[in-house]
Amino acid sequence: MARVFSGIQPTGEVHLGNLLGAIRNWIVDQHEADSVYCVVDLHAITQQQDPAELRNSTLRLTQMLMAIGLDPDVCTLFVQSHVHEHTGLSWLLECTTSFGELRRMTQFKDKSDKTDFVSAGLFTYPSLMAADILLYDTNRVPVGDDQRQHLELTRDVAVRFNARYGNTFVVPEAAIPRAGARVMDLQTPTNKMSKSSLSPQGTINLLDDLKSVEKKIMRAMTDTDGDVRYDVASKPGVSNLLSILGACTDRTPEDAAEGYAQYGALKKDTAAAVVETLRPIQARFAELSNDPGETARLLAIGAAKAAEIAGPVLARARGRMGFLPL
């Protein structure tokens, strides 16, 4: 069975776009592949974080992933900093990655332009990302366009390491993610729904009050011609509602458009579908939140499972590079 790796940062609230665009695919994938899911808290500290908030958000994100449907008995779910092999391999890969390769990373350029303090970790974190992937002999990595450059670097570093020191790492392939919903901001439907959105009325967080969810959808931006059809270019607002409705009812956006002559009915049905999608997630999250000790227990099991794979891979890399065995 192929091994698949995905990671998610514990920053910001999980929103409807995350759920319908990616995380629901993870729920399916965990039954079809040897799936490894990591809450990448070490990546979060490339920018300054409040310590108490980082601890809380890491725990809450884990509970949210389980509330959505990740099953620790089926997949490997753990927190990155609980498995020390990530930082151990990261240094070896930093020494196998060139300054020029890191400097060309577009995400570094984008993020460094938006802050006065640019940490060294922000510059080198693609090496840590490569370690995250290579530690698990990963075969496939589902990536969107924004992460494709990082995966290409991971592949290049793995090939270079193998050429220098002998066959050590599996060279991962990019996996085209199963098509998820294209969820846009409800008020600015030409922009993706975002954790960092400056438009709170345009974003639906998974823990939003359900009455608030209904109101946000009923107030969603559409247009004035009254024609309900899926046409992203000319009708972005209506298309966004159809994409959401289709994803929540297991239909294509085109199929979801059938039978509607008015925007009001479309908004009402979309709101009802989203509420029914979120209701069981919120209920399960509340149960998990009431027992943080159980979450910690499951994370410890996940870290132990991850270390069983990562430990031998790091030892193999250390040995190939010439370090004395521990």
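Is Asp-250 buried or exposed?

Analyst: Asp-250 is exposed in this predicted model. Asp-250 sits in the loop between helix H10 (236–248) and helix H11 (253–256). Its backbone deserves a look too. Phi of Asp-250 is positive, near 55°, and the residue is not glycine. Most residues other than glycine have a negative phi.

Asp-137 also has a positive phi, near 45°. Asp-137 belongs to the loop between helix H7 (120–134) and strand S4 (140–142).

Now take another loop residue, Thr-96. Thr-96 lies between helix H4 (85–94) and helix H5 (99–103). Thr-96 has a relative accessible area of 3%; buried means under 20%, so Thr-96 counts as buried. Neighbours within four places in sequence aside, Thr-96 contacts Val-157, Arg-160, Phe-161 and Arg-164.

Next, the aromatic rings. The count is six aromatic pairs, with ring centres within 6.5 Å as the rule. One of them joins Trp-26 and Tyr-37. Their centres lie 4.9 Å apart, with 15° between the planes. Planes under 30 degrees apart count as stacked, so this pair is stacked. Trp-26 is in helix H1 (residues 16–29) and Tyr-37 in strand S2 (residues 34–39), so the pair ties together parts eleven residues apart in sequence. Both Trp-26 and Tyr-37 are buried. Elsewhere, Phe-5, Phe-78 and Tyr-136 make up one aromatic cluster.

Conventions: Residues are numbered from 1 along each chain as its sequence is written. This is a predicted model: local features need pLDDT of at least 70, side-chain atom pairs count only at pLDDT 80 or more; totals for chains, interfaces and linings use all residues. Side-chain values use heavy atoms; hydrogens and water are left out. Helices (H or I, at least four residues) and strands (E, at least two) are DSSP runs, numbered from the N terminus. Buried means under 20% relative accessible area, exposed over 50%, partly exposed in between (1.4 Å probe, protein chains only). Contact means heavy atoms within 4.5 Å. Rings of Phe, Tyr and Trp (its six-membered ring) pair if their centres lie within 6.5 Å; planes under 30 degrees apart count as stacked, over 60 as edge-to-face and the rest as tilted.
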